[in-house]
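Please examine the sequence and the three-dimensional structure shown here. The paragraphs that follow lead through selected features of the structure.

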Amino acid sequence: MGKILIIEDEEAIAELQKDYLELSGYEVNIEGDGVKGLGNALENEYDLIILDIMLPNMDGFTVCKEIRRVKEIPVIMVSAKKEDIDKIRGLGLGADDYITKPFSPSELVARVNAHLTRYQRLISNSIGNNEVIEIRGLKIDKTARRVYVDGNEKIFTTKEFDLLTFLASNPNHVYTKEELFRNIWDMETIGGIATVTVHIKKIREKIEVDTAKPQYIETIWGVGYRFKL
Ligand code: CA
């Protein structure tokens with residue numbers, strides 16, 4: 001089950017996608033314009049977005065970029081032109097998948113199912129009543145505030161735990177040190193953004209096999225950090 005937003009200006013295509021997705025049990029809304037689509041995507045909670053590229057008022061590239069600034073939900077981009085695929089890849093928009101027109105509705109449904117299953121499994125595994133994030137060998141039990149690496153518990157300080165959990169809860173999102181500092185610490189904390197660097201180092205020592213080649217928290221030079229899915 002899930003709630004899907006289709007942003008597509010060709011009504012016949014949008015309705016066809018909607019019918020197939022509803023038959024598969026999804027709740028579906030349609031917007032026929034880039035600006036309205038973005039507004040709807042940001043104001044409401046969706047599990048996945050299907051986004052056409054050629055749209056009135058704002059193109060799909062821009063819509064995708066804007067959604068990615070605040071949301072990590074899967075985005076499947078739809079294009080009528082093959083050359084758009086290279087652009088989607090090249091721009092690093094953060095789209096999860098792309099599909100070219102014409103495509104069969106059942107192929108679309110299969111991709112939607114696959115992305116939602118993967119996303120839900122990665123983001124929030126529920127063990128008992130505890131909220132758990134599990135990515136590769138790393139397991140963060142948000143409820144019990146405990147961290148395990150390959151089954152072995154690692155001891156985290158409060159701020160290390162908060163920082164790791166914040167990053168892991170927003171995977172693939174690049175945060176500046178300032179943003180991380182603002183989210184985790186009180187403004188009065190001595191040390192400012194240098195504190196972030198120190199904590200990232202300590203977290204890596206606990207969760208990474210090789211801190212020189214981090215597989216979880218990636219440094220984006222000149223920008224900040226990103227938790228890799
Ligand atoms: Ca279009």
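In this predicted model, the charged end of Lys-206 is placed over the ring of Phe-156, at 5.1 Å from the ring centre. A second contact of this kind involves Lys-139, whose charged end sits over the ring of Tyr-148, 5.3 Å from its centre.

The strands around Lys-139 give this second contact its setting. Strand β8 (residues 138-141) pairs with strand β9 (residues 146-149) in the antiparallel sense, over 4 bridges. Within that pairing, Tyr-148 in β9 is the bridge partner of Lys-139. The residue whose ring lies under the charged end of Lys-139 is therefore also the bridge partner of Lys-139 in β9, where strands count as paired if at least two bridges are found between them. The two strands β8 and β9 form a hairpin with 4 residues between them. In that turn, Arg-145 has a positive phi of about 55°.

The structure contains 3 aromatic pairs. One of them joins Phe-181 and Trp-185, with 5.8 Å from centre to centre and 15° between the planes. This pair counts as stacked, because the planes are under 30 degrees apart. Phe-181 and Trp-185 are both buried.

Attention now turns to the metal site. Which protein residues supply the donors of the calcium ion? They are Asp-9 (OD), Asp-52 (OD) and Met-54 (O), at 2.1 to 2.3 Å from the ion. Along the sequence these donor residues follow the spacing D-x42-D-x1-M. Asp-9 lies in the loop between β1 (3-7) and α1 (11-23), while Asp-52 belongs to strand β3 (residues 48-52), so the pair ties together parts that are 43 residues apart in sequence. Are these two aspartates buried or exposed? Asp-9 is partly exposed, with a relative accessible area of 34%. Asp-52, by contrast, is buried, with a relative accessible area of 3%.

Finally, the overall layout can be considered. The chain is divided into domain 1 (3-125) and domain 2 (128-227). Taken over C-alpha atoms, the centres of domain 1 and domain 2 are separated by 29 Å.

Notes
Residues are numbered from 1 along each chain as its sequence is written. This is a predicted model: local features need pLDDT of at least 70, side-chain atom pairs count only at pLDDT 80 or more; totals for chains, interfaces and linings use all residues. Side-chain values use heavy atoms; hydrogens and water are left out. Donors are N, O and S atoms within 2.8 Å of the metal (3.2 Å for Na, K and Ca); water is not among the atoms, so sites may look incomplete. Buried means under 20% relative accessible area, exposed over 50%, partly exposed in between (1.4 Å probe, protein chains only). Domain bounds come from an automatic or database domain assignment. Rings of Phe, Tyr and Trp (its six-membered ring) pair if their centres lie within 6.5 Å; planes under 30 degrees apart count as stacked, over 60 as edge-to-face and the rest as tilted. A charge sits over a ring if NZ of Lys or CZ of Arg is within 6 Å of the ring centre and within 35 degrees of the ring normal.
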